[in-house]
Amino acid sequence: GCSLASLTVWKVSASRERALEEVNVHGLNLTQALATYSEGIVRQSSLLLLGLVERLETEGSGPAQIQRLSALVNRQEPLMPQLSGITIYDNQGRWLMSSNRPIPAGANSRDRAYFIHHRDDPSRDTFIGPPIQSRSNQEWVITVSRRFNDAHGEFAGVVAVTLGVENFLRLFGKIDVGQEGAIGLSYTDGTLLVRYPFREQDMGRNFSKSPIYAKYLVDRSVGTASFTSSLDGVERLYAFR
């Protein structure tokens, strides 16, 4: 009886270990797919911005040039359904063009994190901004932006693509992660960009003290772990990349 009991326990234990291994493999595969999807959207946005910046720096940002760019954007935008809009700002944060709505009277974005970043940093790199709420329709968006300069190399303004958080949630919501499962997209510094299930109070929160960031991402860029979420107190198996 004792040997039979121990054999049974071993079988259950082995089965559990195999089940956990399968869950981890599935989680890693899913994480890879979501990372590829998210990176693809950012890369497409960055390439679109690169073309717009090149035109702005070559042709200028006067009314006629902005009108031509607006026509160009209207042709390109349907090719990227994830986009919520494309906006061009001058060096004071005033809106020169907005692809998805009329420019509100006196619209200015000089206080937005992406505008301040590009104004103060001469880098030509793409900047992914923290999640913000649109002032015109309250939609949650993530910005992907680039700086453009004038003929003297001085700061002339910013071009920003806005990606609707709702578009990410729509995809994430189609993935079965169980009743207590969750999917998150964040900066590697722990700032949350998108989380499904969505809770507005989570937007932009920083989880750098969470084990994922404080312990696991310190020395490896991909893996699995098990711990209790600091967000909602639920213990989960995590796959991260």
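Select the charged side chains first: the protein chain has 26 positive and 25 negative ones, with Lys and Arg counted as positive, Asp and Glu as negative, and His and the chain ends left out. The centres of the two sets sit 2 Å apart, each charge being placed at NZ of Lys, CZ of Arg, CG of Asp or CD of Glu.

A word on what you're looking at: this is a predicted model, where local features need pLDDT of at least 70, side-chain atom pairs count only at pLDDT 80 or more, and totals for chains, interfaces and linings use all residues. Numbering runs from 1 along each chain as its sequence is written, and side-chain values use heavy atoms, without hydrogens or water.

Now zoom out to the C-alpha trace, which spans about 90 × 30 × 30 Å along its principal axes. Colour by secondary structure and you'll find five helices and ten strands in the protein chain; these are DSSP runs (helices H or I, at least four residues; strands E, at least two), numbered from the N terminus.

Next, select residues 83–90 and 95–98. Those are strands S1 and S2, an antiparallel pair with three bridges; strands pair if DSSP finds at least two bridges between them. Show side chains and look for Tyr89, which faces Trp95 in S2. Which residue of this hairpin takes a positive phi? Click on Gly93: its phi is near 90°, and the hairpin has four residues between the strands.

Last stop, colour by burial: 39% of the 241 residues in the protein chain are buried, meaning under 20% relative accessible area with a 1.4 Å probe, protein chains only.

Terms used. Buried means under 20% relative accessible area, exposed over 50%, partly exposed in between (1.4 Å probe, protein chains only).
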